[in-house]
Each structure stands twice: as structure tokens, then as C-alpha cells.
Amino acid sequence: MWIRTAAVAALVSTLAAVTPVPAQTSKLPGFFAAAKATVAPVKVKAGGTATLTLTITMAPGFHIYDPKPGDEFAIASEVMPLKAAGVTYGKAVWPAPTIHEKTRVHEGVITVKVPITLAKTVKPGTLKLGAALKAQGCNETGCLPPDTITLSAPLTVSK
């Protein structure tokens, strides 16, 4: 049963990763109550740095797996930054996980921070920065299929 469930979850995960759904305009997966992206500071000069913050609120009773869940059957969550010319994203920084039956999970409200560096050649204007978040939500009775949402926020590049 576990092998069949894992195979179906892997297939759904692959399909979801190919077609991310914008969280601001589409329905969120049933395991998320809310999701948003912000960039701070909101105005940066070319060559400067900022932080993309993804704030995720789980639906009551649900959790998602950490990027390093510690369980071979758990589907790891993943942040995949969106490409933008002249923007370099650093490694996503996740909050400390909760341990649930020897597996690392995230519950409640979490924030994932992604450092951003702008090239010195970026022209003034507004950039759309963001990331796709792939996750699988589970509760005490089982897991929903993995899903991917795309979150974005504007960053103003000043002179």
C-alpha cells in the first residue's frame, strides 16, 4: 500500500511541479489556509540585497514536511525561486521543524526566507520576485496529494 501511495504521490508531485498555480489568484491547496510573499526592503538600488519572505498558514490540523523530513516516504517541501534577469537567489532558510513520529514537519504559521542579490546592471523599475513552493499536506488521518503554489511580490529597483 505504501509503495502504491508513494508512486501516486510522486506522479501527482511531478505534474504539480510542471504547472504551478499562482496563490494570489487561484484556490490554495486544502492544507494551506493562507499564503503570501513579501520583499523587504521594498526599494533597493542595483547591486543591493533584499529578502523574499514566504508566509504560509496551514489549515487547522495539517502539517507539511520539512525539506529534510527524515522519512523515506515523506515528500520533502521545496522552494523554487522564480527566474528574474539580474537577480540571484540564495538558499531558502526554513524555521526549525517540529518532530512528529520521528519526521520533521511544519505546522501553524511558518515563514521561509530567501536572500536576494541584485546585479549592479539591473535597471531601475519594478521586478516581480517570487518562488514556487511544493509541499504535501497531511493530518492525523492521511495525506493529500502534493501541490505547488507560486507566490510573488514586487521589488522596486531605484536609481
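Reply: One term before we start: buried means under 20% relative accessible area, exposed means over 50%, and partly exposed lies in between, with a 1.4 Å probe and protein chains only. This is a predicted model, where local features need pLDDT of at least 70 and side-chain atom pairs count only at pLDDT 80 or more, while totals for chains, interfaces and linings use all residues. Residues are numbered from 1 along each chain as its sequence is written, and side-chain values use heavy atoms, with hydrogens and water left out.

Me: OK, what share of the residues in the chain is buried?

Reply: Of the 159 residues, 40% are buried.

Me: And how many helices and strands are there in the chain?

Reply: The chain has one helix and 14 strands. Both are DSSP runs numbered from the N terminus: helices are H or I with at least four residues, strands are E with at least two.

Me: Which strands form the sheet of five?

Reply: The order is β8-β9-β5-β12-β13, an open sheet with antiparallel pairing. Two strands count as paired if DSSP finds at least two bridges between them. At the edges sit β8 (98-100) and β13 (142-143), each pairing on one side only.

Me: How many bridges join β5 to β9?

Reply: Three, between residues 63-65 of β5 and residues 103-107 of β9, running antiparallel. Tyr 65 stands opposite Val 105 in β9.

Me: What about the sheet of four strands, what's its order?

Reply: That open sheet goes β2-β4-β10-β7, with antiparallel pairing. Its edge strands are β2 (32-40) and β7 (87-89), and each pairs on one side only.

Me: How many bridges join β2 to β4?

Reply: Eight, and the two strands run antiparallel, with β4 covering residues 49-58. For example, Ala 35 has Ile 56 in β4 as its bridge partner.

Me: Switching topic: how many aromatic pairs does the structure hold?

Reply: One. The ring centres of Phe 31 and Phe 32 are 4.8 Å apart and the planes are at 70°, so this pair is edge-to-face. The rule covers rings of Phe, Tyr and Trp (its six-membered ring) with centres within 6.5 Å: planes under 30 degrees apart are stacked, over 60 edge-to-face, and the rest tilted.

Me: Are those two buried or exposed?

Reply: Phe 31 is buried, at a relative accessible area of 1%. Phe 32 is buried too, at 5%.
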